[in-house]
Each structure stands twice: as C-alpha cells, then as structure tokens.
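Trainee: I would like to go through this model with you. Could we begin with the charged pairs?

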Amino acid sequence: MRVELEIWRQDGPSEPGRFETHLIDDATPEMSLLELLDRLNDQLAEQGIEPIQFESDCREGICGACGVTVNDRPHGPVPKTPSCRQHLRAFGQVTTLRIEPLRSAGFPVIRDLVVDRSALDRLIQAGGHIDVLTGTAPDADAMLVGHEDAEAALDFAACIGCGACVAACPNGAAHLFAGAKLAHLGLLPHGEQERGRRSKAVVDQLDTEFGPCSSYGECVEVCPAGIPLTAVAAVHKERLRGLFRGRAD
Amino acid sequence: MTVLRAEEQRQTHRRPRPSSFVLKLAMAITGVIFVAFVFVHMIGNLKVYQGAEAFNSYAQWLREVGYPLIPHTGVLWTLRVVLVTSLLVHLIAAVMLWLRGRAARGPHRRRRMMTGLTAFGARTMLLGGVIILVFVIIHLLDLTIGAALAPETYRHADADGTMHAYQNLVASFSRVPMAVFYALSMVVLALHVFHGWRTVLQDVGATGRRLRLVWVTIGAVLAIAILIGNALIPVLVLAGML
C-alpha cells in the first residue's frame with residue numbers, strides 16, 4: 001500500500017520547524033507506525049538524505065520511549081495505544097499521515113520528532129518516589145497490603161511515563177501522570193509515610209511547569225496504560241489530605 | 001549537559017501564585033454556590049406557572065423573608081453580596097487558569113479533539129461563562145433594575161411593596177428576540193452547570209467510583225431541571241399560555 005507522510009523536520013531546539021512530504025510505496029498493513037518511520041529512513045538513507053529522528057525502545061508498549069502525534073492525535077489514531085503498537089491496518093482508509101512531535105510547551109523539541117520530556121523527570125524528582133529507608137527485605141507476611149489496595153496501586157503504577165497525556169491536554173497539564181503516581185505511592189505502606197510531603201511537592205512542581213486541569217478528558221483517550229480520569233482527582237485529594245493533616249505523612 | 005538543562009529549566013520556571021490548586025478550589029466552591037443559587041432561583045421561578053398572584057407575592061416575600069429578625073430585603077442583599085463576591089473570584093480565577101493553560105499548551109495546538117456533549121461542554125466553558133455573564137447583566141437590567149433593556153411597560157414596586165414581577169416578565173418575553181435569548185442562554189447555562197459540576201469532583205479530589213457516578217448524575221439532573229424549569233417560561237409566554 002502507498003502511504004503519504006507529512007512529517008515534521010526541525011534541525012534543533014531553537015530552529016523553526018517545517019513539514020516535509022514523503023511517499024512510501026511499499027508499506028504493508030502489518031507495519032507499525034515506527035516501522036513505517038524505519039522504512040522511510042531507509043528510503044531517505046538510500047537517497048542520501050538525513051533520516052528523521054524519532055525515539056523508540058522496546059516497541060512492545062511497555063517502555064514509554066516512543067510517542068509521536070499522528071493526524072493531531074498523540075500516539076496515533078488508535079485510542080489508548082502507544083505509537084509502537086499502532087499498525088497501519090487499524091487506520092482504515094487513512095493513508096495520509098501527518099506526523100509531528102508530541103506537542104506541549106513543557107516538551108521542547110530537540111530534533112525532528114524527538115522531544116525533551118525531562119519535565120516529567122523533574123516531577124518525579126520532586127515527589128514521585130519513596131524516600132524512606134526500607135532496610136532489609138521484611139518477611140513476606142510482615143506487612144500486609146489489602147487486595148483492593150494492591151490492585152488499585154498496581155493499576156495506577158501501569159503508567160509508562162510516555163507523556164502523551166500532556167501532549168493531548170489543551171491546557172498542557174500533567175495531572176493524569178502526576179495523579180497516577182500519587183495514587184500509586186499513597187496506597188502502599190512505604191509510600192504512605194510521606195503522602196503529605198509528596199503531594200505538596202508534586203502539586204508545586206505541576207504548577208511550575210505544567211498547566212491546570214480543566215477536565216477535558218483528552219488525556220484518558222490517549223493513555224496507553226489506561227489510567228482513568230480518577231487519577232486526576234487523586235492529585236487534589238492527596239493535596240487536600242496533606243493540607244488538613246499538616247504533616248509529612 | 002542534561003543536568004545543566006534541568007537546572008536552566010528550573011530557573012526559567014517560577015511557580016505562579018496563587019497556585020492553580022487554590023484557583024481551581026476557589027472556582028469549585030464559588031461554582032457550587034452559583035449552582036445552588038441558580039437552582040433555588042429556578043424553584044422560585046416555578047411560581048410563574050401558578051399565575052400572577054403567586055409569582056408577585058413570592059417576589060414580595062423574598063424582600064420580607066425573616067422579618068422582623070432580619071431587616072427588609074436583608075436576605076436579598078446578603079445573597080447579592082455573596083454572589084457578586086463569588087462572581088469576581090470565579091471570573092478572575094477562570095481568566096488566570098485560562099492564561100496558564102494557554103501558555104502551557106504552547107504555540108502548536110492540535111485540532112480534532114474528542115467529540116460528544118461532555119467534551120463539547122468542557123471546551124466551551126469559557127465562552128459559555130462569557131455568555132452567561134452577558135445574560136446576567138441583561139437579565140438584571142431587564143427584570144430587576146428595569147432600565148435600558150426593560151420592556152416599555154416595566155413597573156417598579158409600589159410604595160406598599162406590591163410587586164409587578166409577573167407583568168414585567170410577560171411584557172419582556174413578549175418580545176421575540178428577548179424570549180429566544182433567554183431560552184438559548186438557559187441551554188448555555190445548563191451545559192456550563194453540567195461540566196462545572198462534574199469538574200468539582202476533580203477539584204475536591206473525589207476518587208470513589210460510586211460517589212463520582214452519583215455526583216455526575218446529580219449534576220445532569222440539576223442541569224436538565226434548570227434548563228426545563230427556566231427555558232419553558234419564555235416559550236410559554238410566546239405561545240400565549242402565560
């Protein structure tokens with residue numbers, strides 16, 4: 001099948017970008033978006049043109065490295081699926097793809113389709129971690145975690161940190177990402193000990209580098225980990241809890 | 001190099017004050033005050049279906065409620081002060097959050113957003129808010145203050161406190177453009193209430209599944225009640241039934 005690509009080219013962080021059009025004549029329905037980009041780059045290399053830069057790693061939807069905007073949808077037209085798991089066969093009759101980087105002021109473009117998502121790292125640095133010294137591993141049953149809590153924490157922990165939620169958000173908010181982290185850590189015994197401190201740090205960092213949430217729900221549509229909108233509520237829940245308790249835990 | 005970049009970023013970004021967390025909570029609280037007011041206002045409006053006397057005496061009662069413990073129009077003025085304060089807070093917070101959202105989204109805005117009523121409601125909150133503000137101003141001029149846009153036959157309250165609210169309302173809604181504007185404004189208001197009410201869940205951090213479902217359902221019921229209870233009035237006036 002023949003695919004027409006309108007693809008973003010940007011030489012550096014402070015260079016103006018532009019769209020380039022390329023044709024791929026030998027695309028197959030089994031190709032994923034990234035394989036399509038690989039094919040394009042082979043083609044460009046044959047012609048002696050600089051290949052398109054894009055990020056990828058595991059290509060099985062668990063690492064969160066990949067992520068491009070396809071026809072205005074972060075990750076691509078298939079909902080809740082990372083770019084590497086989006087295959088041409090799922091796009092129906094669409095054979096013209098407009099591919100750009102994940103777009104948000106918090107994600108400056110480094111080159112072509114590669115963006116700097118370290119704003120998410122700074123959010124994790126601020127509070128998305130557990131600081132307590134856990135010592136040696138306790139006996140398996142010494143510290144019990146309820147089944148419901150364990151399941152919920154695991155569901156929120158499914159976030160792969162790809163940043164599609166931020167790119168999808170008309171406000172450039174990272175509440176889905178931050179909320180998933182807060183809900184996940186707050187439900188577990190070790191993380192519970194610094195819920196108050198963590199929520200303040202995370203909310204402050206959200207304010208510093210990201211926009212406010214207006215419940216558009218666009219983030220949920222693109223999240224490859226299926227994090228629900230409830231995660232967004234967890235941000236304010238944890239912060240309010242911290243305020244009322246006025247303690248670190 | 002990465003570390004340096006991170007350090008640069010930290011220096012260029014300042015935490016805005018008041019925090020978006022505070023602004024969102026302020027909008028949630030004032031929003032709930034508005035919804036409560038609009039709902040009670042709609043309940044009061046239902047008196048119009050009982051006829052002129054019921055409606056006018058209700059308007060008069062609003063000015064005397066609580067007397068002698070509370071002075072005449074005391075309750076009314078308390079409400080007005082609370083509502084104007086809430087309006088200012090709601091408005092300023094909305095504009096600040098909107099500006100922050102725009103800045104955080106950056107210059108490349110994607111199109112093709114989600115479809116459906118919920119997404120549409122979310123996207124039109126600011127526009128809807130502006131329309132509601134215009135509506136409130138027109139509504140006050142038209143039927144409370146009786147100036148500028150009021151019907152020609154507008155009558156202020158008599159010296160003994162007798163109100164002519166019903167006659168004023170019918171005179172105002174007999175003008176087709178005004179009646180249409182009122183009815184359409186109620187559609188905008190209902191959508192604003194529906195999405196605003198839903199957003200309160202996120203702002204106060206309600207994560208329980210049942211609570212969220214119940215809350216959204218209450219919001220939908222409130223929005224529909226406000227829409228039908230109010231928008232029917234101009235429609236019925238135009239149909240000659242009031």
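Predicted model: local features only at pLDDT ≥ 70, side-chain atom pairs only at ≥ 80, totals over all residues.

Trainee: Where do B:R111 and A:D72 lie?

Mentor: B:R111 is in the loop between α4 (74–105) and α5 (117–123) of chain B, and A:D72 is in the loop between β3 (69–70) and β4 (73–74) of chain A, so the pair joins two chains.

Trainee: And is A:D72 buried or exposed?

Mentor: A:D72 is buried, at a relative accessible area of 2%. B:R111, with a relative accessible area of 48%, is partly exposed.

Trainee: How many salt bridges are found over all chains?

Mentor: The search of the whole structure gives 28. One of them is formed by the side chains of A:R195 and A:E238, at 2.8 Å from N to O. A:R195 belongs to helix α7 of chain A and A:E238 to helix α9 of chain A, so this pair ties together parts 43 residues apart in sequence. Both A:R195 and A:E238 are buried.

Trainee: Which residues are joined into one network by salt bridges that share partners?

Mentor: The members are A:R9, A:D11, A:R18, A:E20 and A:D112. Within this group, the side chains of A:D112 and A:R9 meet in a salt bridge of 3.5 Å, N to O. That pair links distant parts of the chain, 103 residues apart: A:D112 sits in the loop between β6 (109–111) and β7 (114–115) of chain A, and A:R9 in strand β1 (residues 3–9) of chain A. A:D112 and A:R9 are both buried.

Trainee: Changing topic: how is chain A divided?

Mentor: Into domain 1 (3–111) and domain 2 (118–245). The centres of these two domains of chain A, taken over C-alpha atoms, are separated by 29 Å. Their contact takes 17 residues from domain 1 and 17 residues from domain 2.

Trainee: What area is buried between domain 1 and domain 2 of chain A?

Mentor: About 1300 Å², and carbon and sulfur atoms give 62% of it. On the domain 1 side, A:P74, A:K80 and A:F107 supply 40% of the area buried against domain 2 of chain A, more than any other three residues.

Trainee: What about polar links across that interface?

Mentor: The number of salt bridges between domain 1 and domain 2 of chain A is zero. One residue pair is found in polar contact across this interface.

Trainee: Let us turn to the nonpolar side. Which residues touch the most other members of the largest nonpolar core?

Mentor: They are A:L123, A:L176, A:L206 and A:F210, in a core of 35 residues. At least two residues each come from α2 (118–127), α4 (164–168), α5 (175–186), α7 (195–209), α8 (218–222) and α9 (230–245) of chain A, and also from α2 (20–45) of chain B. α5(A) provides the largest share, six residues. Domain 1 (3–111) and domain 2 (118–245) of chain A both contribute residues, so this core lies between them.

Trainee: What is A:L176 in contact with, beyond its neighbours within four places in sequence?

Mentor: The partners of A:L176 are A:C165, A:C219, A:V220, A:C223, A:I227, A:P228, A:L229, A:A231 and A:V232.

Definitions and conventions. Residues numbered from 1 in each chain as written. Chains lettered and ligands numbered in written order. Heavy atoms only, no water. Core = buried A, V, L, I, M, F, W, Y, C linked by side-chain atoms within 4.5 Å. Buried < 20%, exposed > 50% of the residue type's maximum accessible area, 1.4 Å probe, protein only. Helix = DSSP H or I, 4+ residues; strand = E, 2+ residues; numbered from the N terminus. Domains from an automatic or database assignment. Contact = heavy atoms within 4.5 Å. Salt bridge = Lys/Arg side-chain N within 4 Å of Asp/Glu carboxyl O. Buried area = accessible area lost by both parts, 1.4 Å probe. Polar contact = N/O pair within 3.5 Å; in protein donor to acceptor, adjacent residues only side chain to side chain.
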